[in-house]
Amino acid sequence: MSETADLARSAEKLDAGDELAALRARFVLDDTVYLDGNSLGALPASVPGHLDDVVRRQWGSLRIRSWDESGWWTAPERIGDRIAPLVGAAPGQIVVGDSTSVNVFKALVGAVRLARLTDAARDEIVVDATTFPTDGYMAESAALMTGCTLRPVTPAQVPAVLGERTAAVLLNHVDYRSGRLHDLPSLTAAVHAVGAVAVWDLCHSAGALPVGLDEHGVDLAVGCTYKYLNGGPGSPAYLYVRRELQDRFDSPLPGWNSHAEPFGMRSDYEPAAGAVRGRVGTPDILSMLALEAALDVWDGVTIEAVRAKSLALTDFFLECVGRHVPEGRVESLTPPAHEERGSQVALRCADAGDVMRHLVEQGVVGDYRRPDVLRFGFTPLYVGFRDVERAARVLGGVLA
């Protein structure tokens, strides 16, 4: 039996034993091998019909009545409670709205203010030096606003630089370039050991692997919803505020939606109780309700099952790459150890931009990060093992 046939047979066997395989029918997909769900998730099949109702009936017929009768006003907290189990949070701690960037800013400034409630001398923000650029930009702005010094270090260096000056630490759970999974429990514990506040960016982990926000005592967290949560392009992000901190969380963006009496139209600001104080202005209802419908694909699905399949998919992809791709043409940047791996595989490759273009032309969609990285994201809800084998086989043909 040829090597290609052997791998194809293995893929068929793995697909036959996949308990999540039937979930693919919950999405709008074609014959393309779609491995870019870590940038934009596929369209859940329930979304178009739901949005049609939102536009035609809720907006078109009920109009302003829908703020009450269709539940528009409470959508940010209601949808937050649907996201909560996917990141290991109890209800009442997540509010949906605004972009990831805006929520990073709210969380980081709020974190510094929380730290200074017990020690006003704390004047340093530690930030992941390898972070997605917008987190770094927002951290710089937050430091300027709060009078803090910004200290960029790698996640591995964080424990060594923490001290009595540290106010807040902003880290990514999964590195967007390499797919490396950072140790959230131990890093959070290290931050707490010096009395600082831990803020985590979950953009590349929520919906792909267990996070355990409550279990590990994370203080604040943010994340987008258009990657593994499949909320749609530009769908609203979310902010997690640990319940014990909610009465002290002081957002730098005190909009009318987070007021204790939003329709009182008072000139003085009084923050609402609970996670609601993470809101700012009027919610983006169309995008928010598209996200709500998209979350239906998670009905009956456990994040543990998703994680198990994610690791199996990435293991199999690396095996297939090793057997299909000519030796020396790619180098994996993604850690081989399961405890250090997210749900993507990043391959360093010469001419990566041209290679990805050829892959897309042949029906395999990943993405390219300058200068030389091919990224392949594995969304276990709709990616199968035959997809994985085909992607590696096409990659091998392009590089041969």
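You're looking at a predicted model, where local features need pLDDT of at least 70, side-chain atom pairs count only at pLDDT 80 or more, and totals for chains, interfaces and linings use all residues. Residues are numbered from 1 along each chain as its sequence is written, and side-chain values use heavy atoms, leaving out hydrogens and water.

Select residues 303–324 for helix H10 and 385–399 for helix H12; helices are DSSP runs of H or I, at least four residues, numbered from the N terminus. Their axes come within 9 Å and cross at roughly 30 degrees (axes are lines fitted to C-alpha atoms over the stretch in contact, with angles from 0 to 180 degrees between N-to-C directions). H10 and H12 are therefore roughly parallel, a label for angles under 35 degrees.

Now show the side chains where they touch: Phe316 and Phe317 are among the H10 residues in the contact, and Phe385 and Leu395 are among those of H12 (contact means heavy atoms within 4.5 Å).

Next, select H4 (residues 75–83) and H9 (residues 285–294), whose axes come within 10 Å and cross at roughly 25 degrees. That makes H4 roughly parallel to H9. This crossing is left-handed. Which residues of H4 meet H9? Look for Ala75, Pro76, Arg78, Ile79 and Arg82, which meet Met288, Leu289, Leu291 and Glu292 in H9.

Technical notes: Helices (H or I, at least four residues) and strands (E, at least two) are DSSP runs, numbered from the N terminus. Angles under 35 degrees count as roughly parallel, over 145 as roughly antiparallel, 65 to 115 as roughly perpendicular and the rest as oblique. A crossing is left-handed if the near helix is turned anticlockwise from the far one by less than a right angle, and right-handed if clockwise.
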